[in-house]
Amino acid sequence: MTNLSGRWTLRDETGAHVVPFDLPGDSITALQAAGVIPDPYWGRNELLVRWVADRDWQAERRFDHDGSAADLVIDGLDTVAEVAINGVPVLSAANSFRRWRVDAGALRTGENTITITFRSATRAADALQAAMPFPIPYAAQNCPIPNGNMLRKVACDFGWDWNLAVAPFGLYGRIALEPKGDRIEDVLVTQRHGDTTRVMVEVHTTAQEVVATLCEEKASAKTESGVARLEFEICNPDLWWPAGLGPQNLHLLSVTAGTASATRRIGLRRLDLVSEPDAAGRSFGFRVNGHPVFARGSNWIPADALAGRITPEKTRALLQSAVDANQNMIRVWGGGRYEPDWFYDLCDELGLMVWQDFMFSCNLYPSTPDFLAEVDAEVRDVVARLNHHACLALWCGDNELIGALTWFDESRKDRDRYLVSYDRLNRTIETALKAVAPLANWWPSSPSPGPLAFGDAWHDDSSGDMHFWSVWHEGRDFDHYRDVKPRFCSEFGFQSYPSMSAIRRFADPADFNIAAPVIECHQKNAGGNARIAETMFRYFRFPVGFENFVYLSQVQQGLAIKTAVTQWRSLKPHCMGALYWQLNDTWPVCSWASLDHGGNWKLLHHMARHFFAPVTVVAIPQGAALELRAVNDSRVPVALTVDAFALSMAGEMRALARLSAQVPTDAAVPLAAVPLSDLRPDEVLYWRWTGPEGLVGEDLHAPRAWKTFDLQPPGIAMNVAPSGGTTDITLTARALAPFVALEADVPGRFSDNAFALIPGQPRHVTFTPESPGAALRLTLRDLHSATCVAANPPETP
């Protein structure tokens with residue numbers, strides 16, 4: 001094999017710019033490294049680099065070859081591009097989601113030249129739109145660069161309400177010459193489970209004569225009708241489980257055909273989508289190895305706006321953070337990309353179930369024969385590549401295309417035309433999926449009430465999966481999350497500012513103002529800053545200074561999502577999933593993410609670790625009382641003891657109740673109702689619980705807005721002690737200190753954050769830096785100091 005990755009040369013159509021171009025990589029990163037453009041993430045530089053997408057560019061490199069017959073293989077070619085070897089065209093491509101294999105017949109002995117001509121994405125998209133038989137609208141409110149829906153390219157490259165818009169190009173996977181000869185293409189794996197003691201595994205591939213091994217079993221087969229079919233019977237299999245429910249056992253499948261070989265890691269599991277008509281409407285949830293699983297998780301967007309900056313190591317850290325916050329599912333959103341193979345390997349290892357959208361989002365799309373043929377090839381290619389992964393829980397046709405039919409004047413005025421066009425696209429996707437993986441779990445769209453149902457799944461909570469955006473986009477209060485009873489909520493969210501460590505990566509202190517142009521450039525949702533500030537007025541006394549505003553924005557984001565998750569978890573089995581929007585960011589920006597760009601935990605993520613705990617106790621308002629409910633997502637019953645207290649602003653506690661309960665597996669059960677009249681005007685409800693094997697937890701609930709309570713100066717004392725590469729921090733308080741938050745001036749992770757500090761209950765926190773030995777400076781914030789004291793928060797060296 002001849003590897004063609006590495007150093008190339010990139011030049012624009014005018015000849016004005018000739019720069020080194022490392023492949024795999026993207027154009028923007030290369031041009032920044034060469035000094036042609038500034039850092040697109042800093043300030044308002046995004047606007048200064050959009051011109052790059054408006055030109056054609058050519059990449060070139062020279063290489064030696066022996067001239068023997070070979071195929072050129074390319075993955076992740078973005079997007080409209082022609083490839084030539086020694087001046088002879090060998091590939092014309094226009095789909096960044098497909099793999100390409102073409103004959104490299106123009107090779108010669110000795111030195112060869114390969115070129116990739118990247119056509120301007122903006123010109124190509126505009127030309128395709130102009131050629132449509134009728135207009136195909138795109139979401140202009142998200143995409144400053146128009147007509148991205150014309151190209152099979154990452155939709156958010158054209159901008160989104162959390163992403164910059166620069167429409168990069170490049171090549172993000174392998175590029176190589178492979179000798180002609182024996183080859184194993186895709187390996188299709190189907191599992192048929194009877195009970196937990198036996199599984200039949202079918203393996204299909206297109207090689208001529210195949211030998212395979214799995215779990216110390218061996219099988220062989222010859223090709224019949226172009227396919228070699230092998231079957232394994234595995235008795236008493238070691239099963240794969242989602243995170244928190246059991247081990248992630250993976251077994252090596254080895255396939256050999258002549259001189260070619262391939263391996264796949266297989267997790268043996270039965271993973272069912274359960275969606276059936278019932279008294280409320282239509283259920284929606286997942287069952288793994290016979291066990292109903294409440295999906296606790298978030299939505300995944302690309303790990304970086306510039307694909308050349310995405311690495312397995314950085315991505316693993318993001319996914320590990322999801323697991324560390326007790327998540328068991330991520331939804332790979334349909335406006336990004338199908339991730340590379342190693343991403344799904346990571347999810348297999350970590351026990352993260354994957355809801356996989358096909359890459360269509362928020363726009364309308366063509367249904368011309370050429371477009372549908374390209375979609376058919378894309379879906380078959382992607383499903384064949386990914387089908388074997390244990391983590392794959394669902395293939396979903398698109399993101400919000402049913403709703404998009406109501407968003408544009410063209411489709412509102414001629415709904416029949418656009419609905420038929422959508423149906424053609426959706427059926428093409430489903431047909432191609434089922435042709436490759438007949439037993440795959442399929443859902444037509446998200447949100448959707450169900451197959452061939454085109455209702456309003458943003459407000460109808462009775463059936464299928466729901467996207468609930470009324471709290472953010474309609475400005476409703478957090479308790480509005482309690483007004484709906486979704487069967488499965490696959491999107492809901494509330495924005496916050498990125499952490500100060502992220503803000504300092506794009507703004508100078510002179511820009512630390514929510515109305516500053518630089519800050520507004522890093523807020524892509526129209527009205528987002530105003531909505532954050534308006535919500536603060538509703539719940540809190542207004543913060544003192546910009547940094548406290550950032551802190552409080554993250555507190556209220558965490559409260560919003562906590563309200564939704566705890567409410568909906570208490571409804572199980574009626575509701576069987578809550579995936580908040582969103583896990584990660586593509587660049588430093590105001591957004592709905594719980595992780596900053598780069599992976600730092602925002603306060604929401606720390607709070608999610610608690611409200612997503614497999615076993616928890618939640619407080620649900622019920623008229624004139626707060627009902628405590630125990631939630632058990634585990635596979636075994638749990639005995640809990642719960643103590644409830646009235647907690648004053650001075651930090652004084654009055655015992656209200658002691659409760660004991662046996663909580664069945666996979667259940668939510670009421671424990672007791674605490675009358676609101678039991679709480680005095682300056683008191684909140686506080687409760688803690690204990691269970692088997694060291695299980696402990698605590699929480700508090702304010703029965704009204706925090707701004708109505710007269711918080712007292714908490715007098716927080718902080719003791720800091722280095723400890724073998726980490727830092728141990730002990731905090732104490734003289735009065736109740738809600739939402740205590742620690743910040744560090746070096747990258748790393750706190751073991752806990754955004755907690756209530758209560759007198760007489762010291763809190764021990766560990767900080768683990770990314771780079772041990774770095775000098776550490778800590779900043780401490782709490783609700784009182786952030787909103788009541790016009791002073792800098794205390795710091796320690």
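Reply: C347 is buried, because its relative accessibility is 0% and buried means under 20% relative accessible area, with exposed over 50% and partly exposed in between (1.4 Å probe, protein chains only). C347 is in no disulfide. The nearest cysteine sulfur belongs to C391, 5.0 Å away. A disulfide is a pair of cysteine sulfur atoms within 2.5 Å. The structure holds zero disulfides. C235 is in none either, and the nearest cysteine sulfur, that of C215, is 11 Å away.

This is a predicted model, where local features need pLDDT of at least 70, side-chain atom pairs count only at pLDDT 80 or more, and totals for chains, interfaces and linings use all residues. Residues are numbered from 1 along each chain as its sequence is written, and side-chain values use heavy atoms, with hydrogens and water left out.

Now the backbone. Most residues other than glycine have a negative phi, and most peptide bonds are trans. F739 has a positive phi, near 55 degrees. F739 sits in strand β41 (residues 737-744). Helices (H or I, at least four residues) and strands (E, at least two) are DSSP runs, numbered from the N terminus. F739 is buried, at 9% relative accessible area. A754 also has a positive phi, near 60 degrees. A754 lies in the loop between β42 (748-750) and β43 (755-757). A754 is buried too, at 12%.

Two peptide bonds are next. The one joining S446 and P447 is cis, with omega about 0 degrees. P447 is in the loop between β28 (442-443) and β29 (466-467). The bond from K572 to P573 is cis, with omega near 10 degrees. P573 falls in the loop between α14 and β31 (577-580).

Strands pair if DSSP finds at least two bridges between them. Eight bridges join β33 (residues 625-632) to β36. A630 stands opposite V669 in β36.
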